[in-house]
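Colleague: I have a structure open and would like to learn how to read it. Could we go through a few features one at a time?

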Amino acid sequence: MPTEEATACQVRWAGQSLHLLPDPAIWWPAERVLFVADVHLGKAATYRALGQPVPGGTTQENIARLERLIEARQPEQLVFLGDFLHAAQARTPALLAALEAWRTRQPRPACTLVRGNHDSRAGDPPDSLRIAIVDEPHLIGPFAACHHPQRHPTHFVLAGHLHPTCTLYGRGRDSMRMPCFVHEGEQAILPAFGEFTGGWHVEPAPERRFYGVGGDAVWALPASAGAT
C-alpha cells in the first residue's frame, strides 16, 4: 500500500516546497500550514430545505475527512480559502452541533477563514468555533490566501472558488474527468474540498499546468490535459 507521502505531489511555488494532497488540500511543511478551499458545509441541507431530494450525510463525511487530514499532518494553522458554509439555510442545529463537536475534539490548529462569496450569504461561523475571519487577500509568508482567483503584485496567490476539473482523453472516445489543482504563473487554484460541490472544467492553455486528483493520489498531468 502506498505511503501517505507517496500519494502527494510535491511542487515548488514562491520558493517554497508544497505538497498537493489528494484530500484535497495543500500542505506547506516548512510553516506547518494546511490550505483547504470550498468546504461548502450544509450544501445538501440547503437543497433539502428547498424541497430537493438530495442525500444526507455529506457534512459528517466532510468533517471526518478534515479530522483525518489534521491528524495526519498536525498543522499549526488551517486556512480555509472561502465558502466554509454554503448558505444561511445550512446553519442547522445538527450542522452547528457537529462543528462544535469537531472543535472540541480538535482544539488545534488555529483556523482562519478567508471570506468567499458564499460566506457573505451564509454569515460568519459562530465565535465558539474559534475561526479567525479575514477578507482577501490574506498574506501569509510569500502567499496571498484568497477565495477568488486573481493576481497579486507581490505574492503568489492560492485560491479556490472555481472547483476546477480537467479531462483526460484516451484512445477512441475514452475520457475521464477529475478534480484538479491548476497552476498558472503566480497563482494556483485548489479543487473543492467539500462533497456534493460539482466542478468547472478548466480549458488547457500554454502556461497552465494541471495536477489531477484521482483515488488516493495527486500527479502532474501532461500539458494536453483537458484538450479534446
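**Reading salt bridges, cores and strands**

Modeller: Take Glu184 to begin with: at 22% relative accessibility, it counts as partly exposed. Keep in mind that this is a predicted model.

Colleague: Which residue forms a salt bridge with Glu184?

Modeller: Arg208 does, and the closest N and O atoms of the two are 2.9 Å apart. Glu184 lies in strand β12 (residues 175–184) and Arg208 in strand β15 (residues 208–214), so the pair ties together parts that are 24 residues apart in sequence.

Colleague: How many salt bridges does the count come to?

Modeller: The count comes to four salt bridges. One of them is between the side chains of Glu67 and Arg105, at 2.6 Å from N to O. Here helix α3 (residues 58–73) holds Glu67 and helix α4 (residues 93–105) holds Arg105, so the bridge ties together parts 38 residues apart in sequence.

Colleague: Are Glu67 and Arg105 buried or partly exposed?

Modeller: The cut-off for buried is under 20% relative accessible area. Glu67 has 14% relative accessibility, so Glu67 counts as buried. Arg105, at 49%, counts as partly exposed.

Colleague: Now the interior. What do nonpolar side chains tend to do in soluble globular proteins?

Modeller: They tend to be buried together. In this model the largest nonpolar core has 26 residues, and the members that touch the most others are Val36, Leu78, Phe80, Phe84, Leu99 and Trp102. The elements that give two or more residues to this core are β3 (25–28), β4 (33–36), α3, β5 (77–80), α4 and β6 (110–114).

Colleague: Which residues is Phe84 in contact with, leaving aside its neighbours within four places in sequence?

Modeller: Phe84 is in contact with Val39, His40, Leu41, Leu99, Leu113, Asp119, Pro125 and Ile131. There is also a second, separate core of 24 residues, which includes Cys9, Val79, Leu81 and Phe181.

Colleague: Next, strands. How do side chains alternate in a regular strand?

Modeller: They alternate between the two faces of the sheet. Strand β10 (residues 156–159) is a case to look at: Phe156 and Leu158 lie on one side, Val157 and Ala159 lie on the other, and all are buried. Both faces of β10 are therefore covered.

Colleague: Which strands pair with β10?

Modeller: Strand β9 (residues 143–145) pairs with β10 in the parallel sense over three bridges. Strand β13 (residues 187–189) and β10 pair in the parallel sense, also over three bridges. To follow this across the sheet, find Val157: Ala144 stands opposite Val157, and Val157 stands opposite Gln187 in β13.

Conventions
Residues numbered from 1 in each chain as written. Predicted model: local features only at pLDDT ≥ 70, side-chain atom pairs only at ≥ 80, totals over all residues. Heavy atoms only, no water. Helix = DSSP H or I, 4+ residues; strand = E, 2+ residues; numbered from the N terminus. Buried < 20%, exposed > 50% of the residue type's maximum accessible area, 1.4 Å probe, protein only. Core = buried A, V, L, I, M, F, W, Y, C linked by side-chain atoms within 4.5 Å. Contact = heavy atoms within 4.5 Å. Pairing = 2+ DSSP bridges.
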